Amino acid sequence: MTYLWLKAGHIIFIIFWMAGLFMLPRFYVYHQEATEGSAEAEQWVERENKLRKIILLPSIIIVWVLGLLLASTIGAWSQGWFHAKLLFVVLLSAYHMWLIGYGKKLARGERPLKGKTLRLLNEVPGLTVAIIVILVIVKPF
């Protein structure tokens, strides 16, 4: 029964984390399109901070904790599919951290990327989570 509760919680917080990772780059696009120093740009900074603090930070922590507990519960540490999944989760976590850093640059008025690039980067979580789901469900190795 513990396994099922861990799994349910893990999936729930993955959904929250993914929702935040889909929203944040879109927020950045709108932020970049706002006039620098405007009230609208300041509102985007506030929205981005709330998304990071209320949704993204708690979600990534809970996903990692429950995921590691699940891995231990099912003995996944010796399985190839799990190693591959873990690699993609680490990459997704690095993307998350990169987004946070980019948001701090935006808050300072720096705009190093174009809106088109941010729109393309918005696809990273979807592609990554598709690979992770296939690894977990199909367990190809």
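A crossing of two helices is called left-handed if the near helix is turned anticlockwise from the far one by less than a right angle. The legends below refer to a predicted model.

**View 1. The packing of helices H1 and H3.** The crossing of H1 and H3 is left-handed, and the two helices pack at an angle of about 35° with their axes 11 Å apart. On the H1 side the contact is made by His10, Trp17, Met18, Leu21, Leu24, Pro25, Tyr28, His31 and Gln32, while the H3 side contributes Lys85, Val89, Leu92, Ser93, Tyr95, His96, Leu99, Ile100, Tyr102, Gly103, Leu106 and Ala107. Sorted by class, the residues of this contact comprise 14 nonpolar, six polar and one charged.

**View 2. Histidine 96 and its surroundings.** Histidine 96 lies in helix H3 and has a relative accessible area of 2%, so this residue counts as buried. When neighbours within four places in sequence are left aside, histidine 96 is in contact with Trp17, Leu21, Leu56 and Ile60. Among these partners, Trp17 and Leu21 also belong to the H1 side of the contact between H1 and H3.

**View 3. Histidine 83 in helix H3.** Histidine 83 is placed in helix H3, which covers residues 80–107, and is partly exposed because its relative accessible area is 44%. Apart from neighbours within four places in sequence, histidine 83 is in contact with Trp77 and Ser78. The C-alpha atom of histidine 83 is separated by 25 Å from that of phenylalanine 22, the two residues being 61 residues apart along the chain.

**View 4. The salt bridge between glutamate 33 and arginine 119.** The structure holds three salt bridges, one of which joins glutamate 33 to arginine 119, with the closest N and O atoms 2.9 Å apart. This pair links distant parts of the chain, since glutamate 33 belongs to helix H1 and arginine 119 to helix H4 (residues 115–121), 86 residues apart. Glutamate 33 has a relative accessibility of 52% and therefore counts as exposed, whereas arginine 119, at 33%, counts as partly exposed.

**View 5. The salt bridge between glutamate 46 and lysine 50.** Both glutamate 46 and lysine 50 lie in helix H2 (residues 39–74), where they are four residues apart, about one turn of the helix. The closest N and O atoms of this salt bridge are 3.3 Å apart. Glutamate 46 counts as partly exposed because its relative accessibility is 46%, and lysine 50 is partly exposed with a relative accessible area of 46%.

**View 6. The salt bridge between glutamate 110 and arginine 108.** The side chains of glutamate 110 and arginine 108 meet in a salt bridge with an N to O distance of 3.0 Å. Glutamate 110, with a relative accessible area of 34%, is partly exposed, while arginine 108 is exposed, its relative accessible area being 55%.

**View 7. Tryptophan 5 in helix H1.** Tryptophan 5 is found in helix H1, which spans residues 2–33, and with a relative accessible area of 63% this residue is exposed. Tryptophan 5 and leucine 135 are 130 residues apart in sequence, and the distance between their C-alpha atoms is 21 Å.

**View 8. The backbone at lysine 139.** Most residues other than glycine have a negative phi. Lysine 139, although it is not a glycine, has a positive phi of about 45°. This lysine 139 lies in the segment after helix H5 (124–138), and with a relative accessibility of 41% lysine 139 counts as partly exposed.

Conventions. Residues are numbered from 1 along each chain as its sequence is written. This is a predicted model: local features need pLDDT of at least 70, side-chain atom pairs count only at pLDDT 80 or more; totals for chains, interfaces and linings use all residues. Side-chain values use heavy atoms; hydrogens and water are left out. Buried means under 20% relative accessible area, exposed over 50%, partly exposed in between (1.4 Å probe, protein chains only). Contact means heavy atoms within 4.5 Å. Axes are lines fitted to C-alpha atoms, for helices over the stretch in contact, and angles run from 0 to 180 degrees between N-to-C directions. Ala, Val, Leu, Ile, Met, Phe, Trp, Tyr, Cys and Pro count as nonpolar, Asp, Glu, Lys and Arg as charged, and the others, Gly among them, as polar. A salt bridge is a side-chain nitrogen of Lys or Arg within 4 Å of a carboxyl oxygen of Asp or Glu.
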